[in-house]
Amino acid sequence: MPLRSPSPSGDGGRGGPLIVAGLRTPLARSGTALRDVPVQDLLAPVLGALVERSGVSGSLLADVVAGNAAGGGGNLARLAALTAALPASLPGITVDRQCGSGLDAIVLACRLVQAGAGEAFLAGGAESISTAPARARRLGDGSLVFYRRAQHAPALEGEAEPGDPDMGFAAETVAREAGITRERQDALALRSHARALAAASSGAYDGELVAVRSPHAEAGLLTADNGPRARLDSRLLARFPAAFVEGGTVTAGNSCFDADGAAAVLVVSRGAVGQLAVPAGSAALEFVGAQTVGVDPHRLGLGAAAAAERLLGEAGAAVGDLAAVEFNEAFAGQVLACTDRLGMSGEALDAVLNTEGGALALGHAYGASGAVSIVRLLARAQTLPEGSLCMAMISSAGGIGTAALFRTVSL
């Protein structure tokens, strides 16, 4: 169906911003192959490889936008750009929308191009959960109290549930209220691992991966994701106990695992494409629009669906118009609750959603995961007809969802 024009782009009718290249590191279970690699050393090789492969000049680049959730503050985008030996004139800006950070960084870069703030941006996200600093509050007497994670919502007195629930407990709430069975959750997890293994075996990931040096990887270089499990089957998944609530349906087997990794893309204006070395005839993703919305923090997993509903309504599109969807698989129950709400099920879901695996198999590198989704969409776009609609969506801590819509175009 024809799409209504998104919000004014400021591009003079020349077409929306384009994502013309995307790369990522292999994703590694935290505490394994990348456990001693600082976050800037995950993002830097991706940025450097994007510049080298695309041929984008330092004079054309306006900025680097990077998402990060678990780091120690500062400006990761600037640090990674300098680590990659990019021009010192690139300032860098770091975005923290927790799990949505990487996707929101890319959306921000697209909007900056729309606004005429620059012709080309490197945008993405990175997370080194293995090396993330311990966090502590300073008390009045100067002593420190360490805490596991930042607070995302206020704790309200008199509530039956905690105001700022753990992600796993919130996932249980969503799965229970949506009627998502344990069997459906386990089946989605098994699907994710099987599809990721098939994609790796077929070479579907090869063009998007940038190897990372690590003393804990074979021959000192990590070249492939280490999360997908070939021996996983339904019987093994059924043996996992409930992980968060006694008698619950959310288990370690149908939940994502923490991962280390980075991903980034090159966002450019239409006018800048001629100055790049991207292959003629390759597919790019044209930015159509994006929405970020808030939901009840107790049901934070539903944020992605709420954002997608608003975005599709704004664009005048329907779920059935989507040719490809990448949705971060934090918890299988959350994914299924969202897709059920959107009316995406059965063969339609199977044909478009995470067709080459997702975070249940590859892992969740918090601030990088949304950017990984865009890299995956761009890779999938190479085999889609021109004009196909693609969407990335993610739910974040505190009850936030982001969805971004793209159209495939041929360069």
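Which side chain does Glu286 meet in a salt bridge? Select Arg407: the two side chains pair at 3.1 Å, N to O. A salt bridge here is a side-chain nitrogen of Lys or Arg within 4 Å of a carboxyl oxygen of Asp or Glu. Glu286 lies in strand 11 (residues 283–294) and Arg407 in strand 14 (residues 400–410), so the pair ties together parts 121 residues apart in sequence. Helices (H or I, at least four residues) and strands (E, at least two) are DSSP runs, numbered from the N terminus.

A note on the source: this is a predicted model, where local features need pLDDT of at least 70, side-chain atom pairs count only at pLDDT 80 or more, and totals for chains, interfaces and linings use all residues. Residues are numbered from 1 along each chain as its sequence is written, and side-chain values use heavy atoms, without hydrogens and water.

Stay on this pair and show the surface. Glu286 is buried at 8% relative accessibility; Arg407 is partly exposed at 26%. Buried means under 20% relative accessible area, exposed over 50%, partly exposed in between (1.4 Å probe, protein chains only).

Next, select Glu309 and Arg341. Their side chains form a salt bridge at 2.9 Å, N to O. Glu309 sits in helix 7 (residues 303–315) and Arg341 in helix 8 (residues 332–342), 32 residues apart. Glu309 is partly exposed at 34%, and so is Arg341 at 40%.

Now go to Asp104 and Arg97, a salt bridge at 3.1 Å, N to O. Asp104 is buried at 8%. Arg97 is partly exposed at 33%.

Last stop: select Arg24, Glu208, Asp225, Glu356 and Arg376, which are linked in a network of salt bridges. The whole structure holds 16 salt bridges.
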